[in-house]
Amino acid sequence: LDRNPAIAFHPSDYVNDHIRIAKQHKMVAINGALQIDLTGQVCSDSVGPMFYSGIGDQVDFLRGSSMSKGGFSIIALPSTAAGGKVSRIVPRLEEGTMITTPRNDTHFLVTEFGAANLKGKSTRERALAIQIEALGPRHPVVGSSLYSLARLETDSVRALRNRIASLRLSRLRDMGLGSVDADGREARSIEGERKEVRAVGA
């Protein structure tokens, strides 16, 4: 390594600078975790209130990769511990658990059962995505019952969104606006919403 121009050593305040990380196009940051809750909060530093490790660079690289052109971040972890008896994905983190990454910085969650994209989703959408896409019916702790409940709630929300979009479009037509209003934006938005709902339900 000595005098090798291809190798550079820098302190952590340089390497972990999220602005500098973001300058790398298509930057992908993959980090592990000890536990994550259904809102997307990530714990990588403690087991409950007990310290497990020191503060690392997880948030720096998650934020830097999300700002990178074409980049994204992944939190990857086994979904269970203790030989499959304990779920590492929980409804809520135990009191005193140290939050490493806040929920708004979590993009993709990957387990051995699947992957969930949490970016831009509401709290309810995050919980459903984690249960259905990242866990599914084969998870030994969550099991098929929770998966079925999550799927049922997803179907109910989808049906409600479809109904609201239909009512809004019908009202526009009753007002004589046809499928396009004066600017053409609102009606196209509603038509797009209906197409999105149909696509999700396909």
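Me: Which side chain does T101 join through a polar contact, and at what distance?
Reply: In this predicted model, the side chains of T101 and Q58 are joined by a polar contact of 2.6 Å.

Me: Where is T101 found?
Reply: T101 is in the loop between β9 and β10, the latter spanning residues 108-111.

Me: Is T101 buried or exposed?
Reply: T101 counts as buried because its relative accessible area is 0%, and the cut-off for buried is under 20%.

Me: What is T101 in contact with, leaving aside neighbours within four places in sequence?
Reply: The contacts are G40, Q41, V42, Q58, V59, L62 and T106. Of these residues, Q58, V59 and L62 belong to helix α3, residues 58-67, and are buried there.

Me: Which other residues of α3 are buried?
Reply: F61, G64 and S65 are also buried in that helix.

Me: And what covers the buried residues of α3?
Reply: The cover includes α1 (12-15), α2 (18-22), β1 (28-31), β3 and β6 (72-76).

Me: Back to V42, another contact of T101. What is its bridge partner?
Reply: V42 lies in β3 and is the bridge partner of I36. Strand β2, residues 35-37, pairs with β3 in the antiparallel sense over two bridges.

Me: What is the strand order in that sheet?
Reply: The order is β3-β2-β9, in an open sheet of three strands with mixed pairing. The edge strands are β3 (42-43) and β9 (89-90), each of which pairs on one side only.

Me: Now the whole chain. How many helices and strands are there?
Reply: The chain has six helices and eleven strands. It comprises 202 residues, 36% of which count as buried.

Me: What share of the contacts comes from residues 24 or more positions apart?
Reply: Such residues account for 63% of the contacts in the chain with a separation of 6 or more.

Methods. Residues numbered from 1 in each chain as written. Predicted model: local features only at pLDDT ≥ 70, side-chain atom pairs only at ≥ 80, totals over all residues. Heavy atoms only, no water. Pairing = 2+ DSSP bridges. Helix = DSSP H or I, 4+ residues; strand = E, 2+ residues; numbered from the N terminus. Buried < 20%, exposed > 50% of the residue type's maximum accessible area, 1.4 Å probe, protein only. Contact = heavy atoms within 4.5 Å. Polar contact = N/O pair within 3.5 Å; in protein donor to acceptor, adjacent residues only side chain to side chain.
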